[in-house]
Amino acid sequence: VVYTQSEILQREVYLFERLDSPSREPMKHLKAICFLRPTKENVELLVQELRRPKYSVYFIYFSNVISKSDVKALAEADEQEVVAEVQEFYGDYIAVNPHVFSLNILGCCRGRSWDPAQLARTTQGLTALLLSLKKCPMIRYQLSSEAAKRLAECVKQVITKEYELFDFRRTEVPPLLLILDRSDDAITPLLNQWTYQAMVHELLGINNNRIDLSRVPGISKDLREVVLSAENDEFYANNMYLNFAEIGTNIKNLMEDFQRRKPKEQQKLESIADMKAFVENYPQFKKMSGTVSKHVTVVGELSRLVAERNLLEVSEVEQELACQSDHSSALQSVRRVLQSPRVAELDAARLVMLYALRYERHASNGLAALLDELRARGGTDRYRKLVSAVVEYGGKRVRGSDLFGPKDAVAITKQFLKGLKGIENVYTQHQPLLQETLDQLIKGKLKDSQYPYLGPNTLRDRPQDIVVFLIGGATYEEALAVYNLNRSNPGVRIVLGGTTIHNTRR
């Protein structure tokens, strides 16, 4: 996620080992740089390493704050005095996009309460992020969520305890940390996506920038797993937030550009100069050829899945459930899709979940009939159970905000005008709740009664530096919303984080 192997090689680092791999050979001519999370297990492994050092010198970097007692244990183990330095280098989280981070934790709560180990891990990740961005923030949290309040208090405790580390130069307007709970908006992670990055995650799954393509029919060996990273893939960087239709066009242009630059098969390599020119252009050509084949494969597989699973029709019904409030039309649409043999079981269940969240308390709720149809498809009972679990997790009883509330007249008119312009098509009309929350926050209109400050101080000015963290996971649709808010509000910088990055399966 951070560095490619070739980038590290350019820095003259030639060997990569894991501290816990048992069969490492002693290489006394090498210096070792250790980069580790300061966990009990890692400190213990390091103690064993220092008692019998395999390398000449050790430079030890911890990705977070380490306790004095752990440092003492390391010092006592270092009898041969091989440690040259020990430092804290705060990076205890995964940087996913330039404005998005994740802690790679799946399932952080038991019911409505934190799993204690995950609460500790999340606190560490969040405080490391603040330290690496040099922010000592004021904290606001979602009042309806006990988990959000707990996390806010834990982060505050660390800031108070490590006050010297958090003693950064004061900015005119203090930064703000806003802690939210996924259960306030269980709709967003259940929707199909139509922008490149979000769509890849929804249909193929992105895991630390890697995509597993091994199940693609007829895939060649070197494309079974590909890396998608905006850091070193220009096409991906330029296209990750674009709609699927635009990506098709851009892939075509990429192919054509590639064809034009292709070294001519019968190119005459007669002089030394010809050969030199060929060799110089070859790495560029090879890199481009790798990029082209990768994206053509990924986009081809996305198109295949969209057609095979009938996702255009499914997505239209999802958007209707998420954004409109005509119950009888929605019920008919869901039933129509459930009866189609082309629709995958996951997609059928997803529609029933969305219906259950949307019309949970509607007078003529048809959920029982939909659940029967889900069973009639020959599906397992697993999905029926999941429907009630989703409602229990993100239903009306739990939500602190009005997820489907009557929008004010201005907002409705805006939506209508957008529709007329034809920019917002039927598949992307949904806006995550986070967008509205952050919009209110930037305008200074986010209610203290729903999102109180921790402690006596409040922010008098509009916030400029915002870190927003979602307990229970963020999504790439929200990452896109934050990207757009950053672009349309100069002077405001928002970073989005979550315990994980969700797609429907997760």
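Is Arg 169 buried or exposed? I began with this residue in the predicted model. Arg 169 has a relative accessible area of 82% and is therefore exposed. I located Arg 169 in the loop between helix H5 (146-161) and E9. I then looked up the spacing to Cys 136, which is 33 residues away along the chain, and found 9.4 Å between the two C-alpha atoms.

**Entry: surface patches**

I turned next to the start of the chain. Val 1, Val 2 and Tyr 3 make up a nonpolar surface patch, and their accessible area together is about 290 Å². I placed Val 2 in the segment before helix H1 (5-10). Val 2 counts as exposed because its relative accessibility is 72%, and the cut-off for that class is over 50%.

I also looked for charge on the surface. Arg 112, Arg 361, Lys 396 and Arg 397 come together there as a patch of positive charge. Of these I followed Arg 397, which sits in the loop between helix H14 (382-394) and helix H15 (409-421). Its relative accessible area of 65% makes Arg 397 exposed.

**Entry: salt bridges**

How many salt bridges does the count come to? I recorded 26 salt bridges. Side chains of opposite charge can pair when their charged atoms come close.

I took Arg 182 and Glu 478 to begin with; their side chains meet in a salt bridge at 2.8 Å, N to O. Arg 182 belongs to the loop between strand E9 (176-181) and helix H6 (196-203), and Glu 478 to helix H17 (residues 476-488), so this pair ties together parts 296 residues apart in sequence. I checked the cover on both partners. Arg 182 is buried at 3% relative accessibility, and Glu 478 is buried at 1%.

My next pair was Arg 493 and Asp 465, a salt bridge in which the closest N and O atoms are 3.0 Å apart. Arg 493 is in strand E15 (residues 493-498) and Asp 465 in strand E13 (residues 465-471), so the bridge ties together parts that are 28 residues apart in sequence. I noted that Arg 493 counts as exposed, at 52% relative accessibility, whereas Asp 465 counts as buried, at 14%.

**Entry: helix H12**

I then looked up helix H12, which covers residues 345-358 and has 14 residues. From its first C-alpha to its last, H12 reaches 20 Å, close to the 20 Å expected at 1.5 Å a residue. How many of the 14 residues of H12 are buried? I noted 13 of the 14 as buried, so that H12 is mostly covered.

An α-helix has 3.6 residues a turn, so residues three or four places apart point the same way. I checked accessibility here as well: Asp 347 is buried at 0% relative accessibility, and Arg 350 is buried with a relative accessible area of 0%.

Technical notes:
Residues are numbered from 1 along each chain as its sequence is written. This is a predicted model: local features need pLDDT of at least 70, side-chain atom pairs count only at pLDDT 80 or more; totals for chains, interfaces and linings use all residues. Side-chain values use heavy atoms; hydrogens and water are left out. Patches are made of residues with over 30% relative accessible area and no salt bridge: like charges are joined within 9 Å, nonpolar side chains (Val, Leu, Ile, Met, Phe, Trp, Tyr) within 5 Å. Accessible areas come from the Shrake-Rupley method with a 1.4 Å probe; for residues, only the protein chains shown count as cover. A salt bridge is a side-chain nitrogen of Lys or Arg within 4 Å of a carboxyl oxygen of Asp or Glu. Helices (H or I, at least four residues) and strands (E, at least two) are DSSP runs, numbered from the N terminus. Buried means under 20% relative accessible area, exposed over 50%, partly exposed in between (1.4 Å probe, protein chains only). The expected span of a helix is 1.5 Å times one less than its number of residues. Lys and Arg count as positive and Asp and Glu as negative; His and the chain ends are not counted. The place of a charge is taken as NZ of Lys, CZ of Arg, CG of Asp or CD of Glu.
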